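User: Got a model here that I'd like to go through with you. Can we start with one side chain and then zoom out?

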Amino acid sequence: MSDQIPHLPAYDEATLDLSFAVLEEDVRVSAAAAASDPEAFRLLWLGRKQGRLKLISEAWLKSAPAEARKPLGIRFNQLKESIERVLAAPAAATGPAVPALDVTLPGLVRQPGIPHPLLTTMDRIVEVFHHLGYSTELGPQVESDFYNFEALNFPENHPARDTQDTLQIAGQASKPSRDRLLMRTHTSPVQIRTMVAQAPPLRIVIPGKVHRNDAADATHSPIFHQVEGLCVGPDITFSDLKGTLDHAMRALFGTGVKTRFFPSFFPFTEPSADVQISCIFCGGAGCRKCKHSGWIELLGCGMVDPAVFQAVTGERRRLGLDDTPYDPARVSGFAFGMGVERIAMILHGVSDIGYFYSGDMRFLEQFA
Ligand code: DAH
């Protein structure tokens, strides 16, 4: 606070408001001392000869144009009241005003967070496989062409790549094609990463986010989630694959559910299969959800193609690692991959994939 008389640059309302706000603040600050020495505070502001209020009012009023006298006068009276309030109750005037507690207002409800239904579904799937001795592996979402395609037996320019609607990272043209970066289109590259890093036997599940250049509609989203599985050992057969997935589907959807396997194609499995479960809504009788077929298609799977083991062997050799453990003559394996959104939609009867990403509390609260 300055003891000098502040300069009043103009007489318009805004300037008056600002100048008096500064004075009110000066009152508030000097009021801190008023509790111990009210007389000094009174002299400072209301002293008859040298009091600030008198000096300022003289300085400001003298040169005021006629129409500014009234607004100035009103503000001087308000300032004077503030000073008198401090003198009446010096201790109360120092802090900012504390609003009274209004006990009639509604209380603040603290909403506890809950896991998102997609995460819960992903955890449930992963847990089924943990009980079968699988461990979890994770990989990056920005992936190289080698891991996402080449090592999985998608040759360069092969039409099978077109099915994956790949989002490429910009500025990669100068790199060798195997090193070009892209957003992973599936969790399968983590199969390769794990086999390059670990010798068999192997039982892993790979939950994660994947990206495709897909238009969003009721069943598609450009970003979605998968759970991948891989089992490699000396004597892994198609019966092991069937038994494992049959168990997993009953663990997820109930013991009454049946599975059936249809021939399919994936570059990295041979033979490949699509797995269907009996419709959990109608028990297989036929309804709208299963398009009156009694079956719902759920995942892709198959026996690991020897070309994949060869790619892993080549990469291990390139990195100076033992290149013998994934000799297709010594090991075999199966793999599978499923969409988390699709399973969550079936489990919870959700009709549009967009609800999962909308952040609409009316939707999410149903999972609390
Ligand atoms: N990666 C496949 C996809 O995104 C899904 C898949 C199919 C994964 C068969 C597998 C598999 O491991 O064996 O379309």
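User: Is Arg 52 buried or exposed?
Analyst: Arg 52 counts as buried because its relative accessibility is 3%. Buried means under 20% relative accessible area, exposed over 50% and partly exposed in between, with a 1.4 Å probe and protein chains only. Keep in mind that this is a predicted model, where local features need pLDDT of at least 70 and side-chain atom pairs count only at pLDDT 80 or more, while totals for chains, interfaces and linings use all residues. Residues are numbered from 1 along each chain as its sequence is written, and side-chain values use heavy atoms, with hydrogens and water left out.

User: Which side chain does Arg 52 have a polar contact with?
Analyst: The side chain of Asp 26, at 3.3 Å. A polar contact here is a pair of N or O atoms within 3.5 Å; within protein, one must be able to donate a hydrogen and the other to accept it, and residues adjacent in sequence count only if both atoms are side-chain atoms.

User: New topic: how many disulfides?
Analyst: The structure has 0 disulfides, a disulfide being a pair of cysteine sulfur atoms within 2.5 Å. Cys 282 is in none, and its nearest cysteine sulfur, in Cys 279, is 3.5 Å away.
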